Amino acid sequence: MAFPRPKPTTMETLAMERANPPFNVRKLSIKMHGSERSLILKEKFMAEIARHPAFKLSDIHDLSKDELRERTMEKFASMVYYVTNESLDTFSLRMQLIGIADPSFWTRFGVAYGLFLGALRSGATPNQLSYWMDRGVLGLNGVIGCFAMTELAHGSNVAGLETTATFDPASDDFVIHTPHLGATKWWIGGAASTATHAAVFAQMIVHGKKHGVKTFVVQLRDTKTFTLMPGVTIGDIGKKMGRDGIDNGYIQFTYVRVPRAHMLMKHTQVSRDGVVTEPPLAQLTYGALLGGRTSMVADSSNSAKKALTVAVRYAAVRRQFAQGKNQLETQLLDYPIHQRRLMPLVAQAVAMGFTALRLQHMYEDMTQSLDSLEPGDPNMDEILDKLKETHATSAGLKAFCTWACLDTIDKCRQSCGGHGYSAYSNFPLMYADFAVQCTWEGDNTILSLQAGRALVGAWGAATRKKRLAPGVAYLGIPDILSSKSDDTLSLRDVQKAWHCVAANVVKKAAEEYVSHLKSGKSKDEAMERCSQSRFIAAKLHTIGYIFGMYREAVEEMEEGQETAVLKKVCALYGLWQVEEQQGYFLKYGYFTPQQMDKVQIAVDDLCAEIRAVAVPLVDAFALSDHIINSPLGKFDGSVYESYFAQVQASNPTPKVHPYFDRLIKPLLERENALIEDTGAEMGLDEELEEMKAEREEAEKEKEKVKRVEAKVRKEEYSGVLPGGKVDDDEE
């Protein structure tokens, strides 16, 4: 620029923040990503999409709904190449990155591959899966799928879905039908404009008997002409809060016939003559739900890290108010209250990241076990326990991690002041795009209650001295309910604190449940009556679980500078959450009020310590400027230059004002209409003059009275002689 900038510049400030960190940023990044391979792949993916024209992000804030949808489809061809040429593990890492770069595309692509293909993989027999693969599911050359579960009147209650699939033995078909408006499939990603087939969830009816919700592959459009198939009605549900690159639509079926073979029969089978064979263990169908939940925990961590990278870098270069005799204004990040706003959220994002890594391993182990499971397997009970734990754990983690991330994005926006409200900060889009994560794949409150239900069951098992899954093993620790702090506030002390408090709130929920049963309530009603206690149990258990996963991860690492900083971050997460939930720690006596004061001091100190390395710490999140897509979080610190340049580029001044002649000019040049003088007609001014004269007369009268009273008092006083004697004349 032509004019000199104040020193140090924002770029110089950020460079100073990075000078001589007490750890190796790349080594720290490798630990956060789980392996060097994962980090190298991520860097490769970031370079590839930054150079891909369809992944241009700088103009995304100014595109219309239709333009966003078109750009979403532009990306499909390149992704199809990768999905057909990369290993599942590598492609999953690629999509994890794309999920935070372009959530709309991630979702639309995920509908085809994560949900539609996932439904086939989890629900189809081997021959059925081969059939659909041969017809182009993987390469999208013949089949573009969508996932038709949610209905206008039903979402979380999948068992209550009302679309019907009635078996017709005469033709060996299922008849798919939408019996009324409430059964219309709704929110179906890809249905409005792009999908050719759908995995439809419907109530299966065979010989007049309902057998629950099953999955059927139904063709929606002719793959050559793209016209709707007979009996299929589809529409667009329009603009949403976020993710407008997805063509969400509605679907109605009017007696649409599909071959019996289009029912996915891995778990439930229907023979040619209508004999229904149900799976011996209904729990085995849980596995299909877990992949999505597991990825959402990772996405929560990654999206929070993206927002925090922007907020921390901005807070490091933004200066406001000089203190004392210092001529240089203070960096926002040097204010203790600003450290309190951001450092605990950084710790939380890191904690969720390590939890996601461990949850992914847990999910992979469980999937392997399920795939190899045979009838009569001696490990059946152990595998089912693992499945139940993963199901319940993933429910709580999905809920509380997505809530935490959404809260983090908004707090980061607020921490950036007015500039955070600009669309170009990327916070508004991040928030709007992420908000749906708290609703889909299971409403968070419902999932929390599911986790709470599992904890109530685990408490029952603990009291009966039964074997407990690793995640709830603390419920069986002797004297855990009455544990006390050893006053060290060490990681071990904090872990014990979470076990103690979680065990107490789980016990409370379980006791409430039992008391409602004893009062004559049914099991379902008793569960509903203790829903608030179940929710609290799920919340505290999940926070403690996240802390435990993080603590285990860092304690398994070799000692070193990177491990040392991760342990500090772990301590901050655990103690900050203790502070946030301190009522329970005081209620159950693990910490005394005086110890809670020590917790607050410890959190203050840890925030200050981590502030000193905050910029290199968020650098270890390894997110490129292209992925962050915010001038406020530029790696080189050129915040104001980049912001100004983007505003100018995205909002050029038009040569001709678009609505001056039509709207502004008539407003400016209009003649003032004659305004009737209603006051004159009322005689208002004369009336006001009379009222003024009356007030003045009253004031004069008031003054006259005051003078008379003063004269009387003076005369009375002058009639009294010194010493209290009365004047002779008065006698």
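In this predicted model, helix H19 buries Gln595, Met596, Val599, Ala602, Val603, Leu606, Cys607, Ile610 and Arg611. Viewed along the axis of H19, these buried residues lie within an arc of 165°, and therefore they line one face of the helix. H19 comprises the 19 residues 593-611, which at 1.5 Å a residue should span 27 Å; the C-alpha atoms at its ends are 27 Å apart, in agreement with that expectation.

The same reasoning applies to helix H11. Its 36 residues, 380-415, should span 52 Å at 1.5 Å a residue, and the separation of 51 Å between its end C-alpha atoms agrees. Just after H11, Gly417 adopts a positive phi of about 65°.

A pair of packed helices comes next. Helix H7 (residues 103-123) packs with helix H8 (residues 126-134) at an angle of about 150°, their axes being 8 Å apart. Because of this angle, H7 is roughly antiparallel to H8. The crossing of H7 and H8 is left-handed. On the H7 side, the contact involves Leu117, Leu120, Arg121 and Gly123, which meet Gln128, Leu129, Trp132 and Met133 of H8.

Most residues other than glycine have a negative phi. Asp172, although not a glycine, has a positive phi of about 60°. Asp172 lies in the loop joining strand E2 (164-168) and strand E3 (173-177), and it counts as buried because its relative accessibility is 19%, the cut-off being under 20%. Ala622 likewise has a positive phi, near 60°. Ala622 is located in the loop between helix H20 (614-619) and helix H21 (625-628), and with a relative accessible area of 14% Ala622 is buried.

Definitions and conventions: Residues numbered from 1 in each chain as written. Predicted model: local features only at pLDDT ≥ 70, side-chain atom pairs only at ≥ 80, totals over all residues. Heavy atoms only, no water. Helix = DSSP H or I, 4+ residues; strand = E, 2+ residues; numbered from the N terminus. Expected span 1.5 Å × (residues − 1). Buried < 20%, exposed > 50% of the residue type's maximum accessible area, 1.4 Å probe, protein only. Arc of directions from axis to C-beta. Axes fitted to C-alpha atoms, helices over the stretch in contact; angles between N-to-C directions. Parallel < 35°, antiparallel > 145°, perpendicular 65-115°, else oblique. Left-handed = near helix turned anticlockwise from the far one by under 90°. Contact = heavy atoms within 4.5 Å.
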